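Please read it alongside the sequence and the coordinates shown here.

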Amino acid sequence: MITLTLGDAPAVPLEAEVLSPDTIAPLSLEEIRALPVFLGKRQRRVADFFAVDGESGDVVEVHGDLRRVKWIGRGMSRGVLRVRGDAGMHLGSAMTGGSIEVSGDAGDWLGAEMSGGMIRVRGSAGGQVGAAYRGALSGMKDGTIVIDGSAGLEVGMRMKRGTIVVGGPVRDFAGLQMKGGTIVLRSGAELRAGAWMNRGTIISLAPIPLLPTFSYAATYNPTFLRLYARRLATFGCAIPFDERDGAYRRYTGDAAVPGRGEILVWQPRS
Amino acid sequence: MQPRIADTFAEAFDMSAARVVITAQSPRWARIAAESMTGFATSVIGCKVEAGIEVDLTPNETPDGRPGVSVLLFAFDAGGLGQRLVDRVGQSVLTCPTTACFDGLPEAHERVAVGGLLRHFGDRYQSSKFLDGRRYWRIPVMEGEFLVQESFGVQRAIGGGNLLILARDQAAALSAAEAASDAMRSVGVILPFPGGIVRSGSKVGARHYKKMVASTNDAYCPTLRGRADVTSALPDEVNAVLEIVVDGLDREAIERALRAGIGAASRPGVVEITAGNYGGKLGKHHFHLKDLTS
């Protein structure tokens, strides 16, 4: 395992997409220390900011206050990346495989446009989780993001496949222009969830305000949720699916598009 | 007295197999769907597919955590098997209350579309979910949704392993065959005939009807013994014969089943246990009974 420990937090954002098992695993400690990072517009070395220890391998651990360190794990395809602390924007952006674990919070654009792998954030995340970058047609295309805490605006914007689970409350526009995939809101969301969604599923385990362009369809327990429940149970996330506990109210929309998405709102048996 | 074990072999053939896992709200409905799906599937000659229930599954053993039943289907090739899967899942599982249908051979490289074709029943109201590299179709039905996996794995398999139980009378033959079929059922094999037992063993073609693909196995029909145009294979004391046909996912599974069947069928009233073959000319898999009992 390679350990990188950040000294003083940078005053301006530090772009460090080299902090990824793909880049680091085949290198010696000296080569890792010499890797380029960008402090603002200036190119610097990893060693200018991080103490590098350990033995080469597919496991990389980064310590420190990384809130201003961007693009960690960008495009990673394998291995394990652990962030001990808070992570900055674009963590795991465009990743295709492997797993990222964050013990603290993560910034905006977490897992944006990712197409595989797993991201687990023990704290909260910013906005645009798994989203498409501005101008891009599709956000997340596969993989799983699990956030124990809350999340910001536009979670899963234009996502096409994959699963996002948020434990805490989520701000406005969750699933904006969603094209597929599944968002699980364990504590609900603020306004306009599912706005302009074409396809995909938003599951809310708490009541949420719905746009008038969503129509009630039925109350039932979809069989497919059992597959997700089993999958997410491996991450310690429980999704109710048993009719003895309750059922889901299914709303279809967004009719403003018009879309064929769905919002499933859990109703515990009273 | 122990029956004689004939010094011969069961001749079996290459086939393609699929495993279908049917789940439902209760074991009863999973079983109903499985029994419907495996109906009229005794022989590829007449039914285009051989199918049977492999095992009942507990909720811990199924993808959706509900009770289930595992079904095996065998056909001559993957193309034909795919068609039969679409027909049978579509008519017997899709229609059955509370069921869902999953691929039981996820590691198989060869795939045939099942949910990918059945989805059209949804008339564009269907939707899909993609989870862990597999696509599942959600087809709206009057009771809710039918969930079916897009594609099912197909693997090479062996069909036509068999035992012939030669007994003094019908009761002894049936009793031995029942015991054998119970003992032979296990993971990886099916016994496609009714109750696992077939009384109408056949020979290839016919002597008198040229268009017949198969006809009665006259050499093993007790009532034809003594006729001038029949060369009977039956000892004098044999008055009833029953056959057990076994299809399996691999050679080991069939050997295990045949061995268990020979052991269970070795009971009073059974004169001889033998097997059907075509002189080794048609099937490349030979199961020598002596090897199985040594």
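A polar contact is a pair of N or O atoms within 3.5 Å; within protein, one of the two must be able to donate a hydrogen and the other to accept it, and residues adjacent in sequence count only if both atoms belong to side chains. The model is predicted. Under this rule, 12 residue pairs are in polar contact across the interface of chain B and chain A, both residues of each pair being at pLDDT 80 or more.

**The interface**

The side of chain B that touches chain A draws at least two residues from each of strand S5 (100-103), strand S7 (127-131), strand S8 (134-141) and strand S9 (144-149) of chain B. By class, this side has nine nonpolar, five polar and eight charged residues. In terms of contacts, 22 residues of chain B meet 21 residues of chain A. The area buried between the two chains is about 1,700 Å², and carbon and sulfur atoms give 48% of it. Within chain B, the residues that lose the most area to chain A are Lys129(B), Phe130(B) and Leu131(B), which together account for 33% of what that side buries.

Two salt bridges are counted between chain B and chain A. In a salt bridge between Glu262(A) and Arg138(B), the side chains meet at 2.4 Å, N to O.

**Aromatic pairs**

Over all chains, a search of the whole structure finds seven aromatic pairs. Two of them are set out below.

| Pair | Centre distance | Angle between planes | Class |
|---|---|---|---|
| Tyr216(A) and Tyr251(A) | 5.7 Å | 65 degrees | edge-to-face |
| Phe102(B) and Tyr136(B) | 6.2 Å | 70 degrees | edge-to-face |

The pair in chain A links distant parts of the chain, with Tyr216(A) in strand S15 and Tyr251(A) in strand S16 (residues 246-253), 35 residues apart. Tyr216(A) is partly exposed, at a relative accessible area of 41%, whereas Tyr251(A) is buried, at 13%.

In chain B, Phe102(B) belongs to strand S5 and Tyr136(B) to strand S8, so their pair ties together parts 34 residues apart in sequence. Phe102(B) is buried, with a relative accessible area of 0%; Tyr136(B) is also buried, with 7%. Elsewhere, Trp71(A), Trp109(A) and Tyr133(A) form one aromatic cluster.

**A loop residue of chain A**

Asn221(A) is located in the loop between strand S15 (215-220) and helix H3 (224-233) of chain A. A polar atom of the Asn221(A) side chain lies 3.2 Å from the backbone oxygen of Gly246(A). Leaving aside residues up to four places away in sequence, the residues that Asn221(A) touches include Phe241(A), Tyr248(A) and Trp266(A).

Note on methods:
Residues numbered from 1 in each chain as written. Chains lettered and ligands numbered in written order. Heavy atoms only, no water. Contact = heavy atoms within 4.5 Å. Buried area = accessible area lost by both parts, 1.4 Å probe. Salt bridge = Lys/Arg side-chain N within 4 Å of Asp/Glu carboxyl O. Helix = DSSP H or I, 4+ residues; strand = E, 2+ residues; numbered from the N terminus. Nonpolar A, V, L, I, M, F, W, Y, C, P; charged D, E, K, R; others polar. Phe/Tyr/Trp six-rings, centres within 6.5 Å; stacked < 30°, edge-to-face > 60°. Buried < 20%, exposed > 50% of the residue type's maximum accessible area, 1.4 Å probe, protein only.
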